[in-house]
Amino acid sequence: MTTHPEAGSLRPARTETHPLDLGGVTVRDLDRTRPYLLLHGGGGVATMTGFADLLAERTHSRVLLPTHPGFGGTPKADGLTDVIALARLYVELLDRLDLTDVTVIGNSFGGWLAAEIALLKSPRVSGAVIVDGIGIEVDGHPPTDISGLSPAEIRAHSWHDPAKAPVPPGGGTGPSPDVRALIGYTGPAMTDPTLAGRLADLDVPVHVVWGESDGIVDPEYGKAYAAAIPLAEFTLLPRTGHLPQVESPEELLGALLDLGA
């Protein structure tokens with residue numbers, strides 16, 4: 001297990017928000033020195049905010065938490081039409097910030113995006129963590145089509161205990177704007193038939209972490225994800241669903257630290 005400094009030794013945080021002239025990216029920057037890039041999924045940046053704070057506090061790390069262009073009402077450049085284009089944008093972000101030894105952690109769509117960033121082979125990226133990622137095709141285990149589901153139905157598929165899920169303000173009966181933004185990158189199938197084959201080219205450490213109660217992409221899908229990546233580690237988290245960083249953040253953090261992420 002990796003040893004980290006005690007929480008009481010933390011230096012004061014330097015938290016800034018950078019609106020960059022880079023395809024509409026706005027990124028929250030919690031500087032704790034070791035760099036992590038956290039990538040949210042279709043639920044928007046709010047699904048990653050609490051975990052970003054936890055990661056920064058417990059590991060003394062520098063945590064970058066971007067909002068993907070088009071999510072949360074942010075602008076999106078015309079050229080950002082797929083996941084690979086967005087991955088290139090984030091590699092450019094790392095170049096702009098002159099970061100090295102970056103671990104990329106992504107949940108759901110963010111997991112797919114983390115894989116694409118690692119596949120670009122930037123020397124600034126030293127590892128990736130895919131948390132309940134989407135993107136590959138697995139026979140017999142297709143991702144749940146959320147395009148026509150209400151927020152309540154998406155919660156039921158996403159949580160081990162849906163009663164604990166936060167209800168977004170205003171309710172709503174159709175797909176949220178963030179889900180529509182997601183589909184703008186992924187297409188309605190939320191998969192790329194080439195991705196599983198391309199994952200064999202990954203040459204950095206990759207950890208695949210999955211909630212055993214995930215009803216969006218089930219654990220067998222997660223095992224197939226890990227099997228497609230050379231030397232990937234796979235960890236199954238009990239009593240959690242598609243959003244471990246929200247439903248069981250302490251358990252997710254413990255798994256990451258045990259794996260040396």
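The protein chain exposes about 10,900 Å², and carbon and sulfur atoms supply 54% of that area (Shrake-Rupley method with a 1.4 Å probe; for residues, only the protein chains shown count as cover). This is a predicted model, in which local features need pLDDT of at least 70, side-chain atom pairs count only at pLDDT 80 or more, and totals for chains, interfaces and linings use all residues. Residues are numbered from 1 along each chain as its sequence is written, and side-chain values use heavy atoms, leaving out hydrogens and water.

Of the 261 residues in the protein chain, 52% are buried (under 20% relative accessible area; exposed is over 50%, partly exposed in between, with a 1.4 Å probe and protein chains only). Nine helices and seven strands make up the secondary structure (DSSP runs numbered from the N terminus: H or I of at least four residues for helices, E of at least two for strands).

Now for the charges. Side chains of opposite charge can pair when their charged atoms come close. The structure holds eight salt bridges (a side-chain nitrogen of Lys or Arg within 4 Å of a carboxyl oxygen of Asp or Glu). One of them joins Glu250 and Arg58, at 2.8 Å from N to O. Glu250 sits in helix H9 and Arg58 in helix H1, 192 residues apart.

Arg198 is worth a look too. Its partner Glu116 comes to 2.7 Å between the closest N and O atoms. Because Glu116 lies in helix H3 and Arg198 in helix H6, this pair ties together parts 82 residues apart in sequence. Glu116 is buried at 3% relative accessibility, while Arg198 is partly exposed at 22%. Arg198 also forms a salt bridge with Asp192, at 3.1 Å.
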